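I opened this entry to keep track of what I looked up, one topic at a time. The sequence and the structure come first, then my notes.

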Amino acid sequence: MTWNDAERIPPPDDASPLDHLLFRQHDVVSYRQAVRHLSRATLRHRVDSGRWQRPLRSVYVARPGDLSLPQQRWVAVLATGGVLAGFSALEALGLQGYRKPFTQILITAERRIRAPSNVQVRRTRRLHDVDVLANRAPPATAAARSIIDAAQWAHSDDEAVAVVAAGFQQRLVGGDDVRQALRRAAPMRRGTLIAEVAAAAAGGSASISEVEFLRLCRRNGLPEPSRQVVRLDARGRKRYRDALFEEYQVHVEIDGSQHMESRAWNADMLQHNEIAIAGGRLLRFAAWQVRHRPGDVIAQLRAALVAGGWRP
């Protein structure tokens with residue numbers, strides 16, 4: 001049986017301190033918390049009777065059945081004395097699309113604990129108060145710190161780029177948040193990559209492929225384009241350019257799967273024609289080309305820029 005946490009009802013104001021604690025912590029308490037409110041004999045009886053369960057030696061759950069995701073997080077935090085971090089903290093803060101089959105916890109470097117199964121414990125020597133949401137239930141690292149931790153713990157550079165970009169896309173962070181957190185936490189694995197992607201995302205790149213396109217330009221010594229530039233079409237409607245090299249009148253669109261839909265395709269063709277009529281050049285690349293055929297992308301972009309007057 002799995003309980004629905006969305007249906008939980010707050011206890012009345014005159015309920016016992018234990019009831020209020022259990023509500024805040026999704027019915028999960030540590031041994032130390034439990035014995036502040038119950039005798040050891042009562043605690044043992046509740047477990048033996050099946051009313052409560054003890055998933056770990058030091059942690060109790062005040063209901064039977066399978067643990068919900070919030071309960072799993074609380075078990076991990078109370079068992080380790082750490083805070084939710086990385087991908088787990090981001091999911092708790094609202095990031096979508098990056099669920100992991102384990103809970104990530106951050107503790108200080110000097111602590112030594114045995115990690116429960118399904119809990120990934122990481123250590124840090126630098127964790128400033130501003131990077132911790134201590135009053136959150138359960139405590140977690142702040143969004144910017146969670147993003148840089150997730151990026152450095154990611155299984156690949158591609159996943160690191162994706163989670164940093166997603167943090168900006170889904171409005172968990174903005175502006176200089178990530179780079180400031182990175183400076184507080186440095187040195188850090190993939191620090192240069194994280195800073196580069198954060199700068200691109202903060203500067204207006206609205207998708208992972210746009211971030212990767214900007215990185216391609218920088219690595220190959222090309223001019224840096226403006227991103228997500230607003231232009232009015234012939235009907236006065238706002239259109240957004242993924243990238244614009246304004247001095248050379250080169251427009252670039254990075255097409256995802258949504259551009260294959262017939263109405264979007266028709267709008268794209270009209271936009272392409274309007275740019276050509278005005279004397280500009282529009283290059284279009286599929287997102288997979290930016291990632292898997294970067295040489296082709298750079299060759300065509302370089303040729304268009306040179307045709308527009310750029311001199312390397």
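**Second largest pocket.** I looked up which element gives most to the lining of the second largest pocket, and helix H1 (residues 17–24) has the largest share with four residues. Helices here are DSSP runs of H or I with at least four residues, strands are DSSP runs of E with at least two, and both are numbered from the N terminus. I noted that the model is predicted, with local features needing pLDDT of at least 70 and side-chain atom pairs counting only at pLDDT 80 or more, while totals for chains, interfaces and linings use all residues. Residues are numbered from 1 along each chain as its sequence is written, and side-chain values use heavy atoms, with hydrogens and water left out.

I read off the volume of the second largest pocket as about 220 Å³. A pocket is found on a 1 Å grid over the protein atoms alone, as an open set of points where a 1.4 Å probe fits, with protein on both sides within 12 Å along at least five of seven lines; lining residues have an atom within 4 Å of a point. The points are joined across faces, edges and corners, and the volume is the space filled by probe spheres set on them.

I then listed the lining, which includes Arg8, Leu18, Asp19, Leu22, Phe23, Trp52 and Arg63. By class, the lining has seven nonpolar residues, five charged and no polar. In this count Ala, Val, Leu, Ile, Met, Phe, Trp, Tyr, Cys and Pro are nonpolar, Asp, Glu, Lys and Arg are charged, and the others, Gly among them, are polar.

**Sheet of three strands.** In what order do the strands of the open sheet of three lie? I found S1-S3-S2, with antiparallel pairing. Strand S1 (28–30) and strand S2 (53–56) are at the edges with a single partner strand each, so one side of each has no neighbour in the sheet. Neighbouring strands are turned by 35 degrees against each other on average, direction ignored. The axes are lines fitted to C-alpha atoms, and angles run from 0 to 180 degrees between N-to-C directions.

I checked the contact between S2 and strand S3 (residues 59–61): two bridges join these antiparallel strands. Two strands count as paired if DSSP finds at least two bridges between them. Leu56 has Val59 of S3 as its bridge partner, and Gln53 stands opposite Val61 in S3. S2 and S3 form a hairpin, with two residues between them.

How many of the twelve residues of H9 are buried? I counted nine, and H9 is mostly covered. Buried means under 20% relative accessible area, exposed over 50%, and partly exposed in between, with a 1.4 Å probe and protein chains only. The buried residues include Leu193, Ile194, Glu196 and Val197. Thr192 also lies in H9, but Thr192 is exposed at a relative accessible area of 66%. Thr192 and Leu182 are ten residues apart in sequence and 9.6 Å apart in space, C-alpha to C-alpha.

**Backbone angles.** I looked up two cis peptide bonds. One joins Ala137 and Pro138, with omega about -5 degrees, and Pro138 is in the loop between strand S7 (132–133) and strand S8 (140–141). Another joins Ala186 and Pro187, with omega about 0 degrees, and Pro187 is in the loop between helix H8 (177–185) and H9.

I also noted positive phi values. His26 is not a glycine, yet has a phi of about 55 degrees. His26 is in the loop between H1 and S1 and is buried, at 14% relative accessible area. Gln249 has a phi near 55 degrees and lies in the loop between strand S10 (238–245) and strand S11 (250–255). Gln249 counts as partly exposed at 33% relative accessibility.
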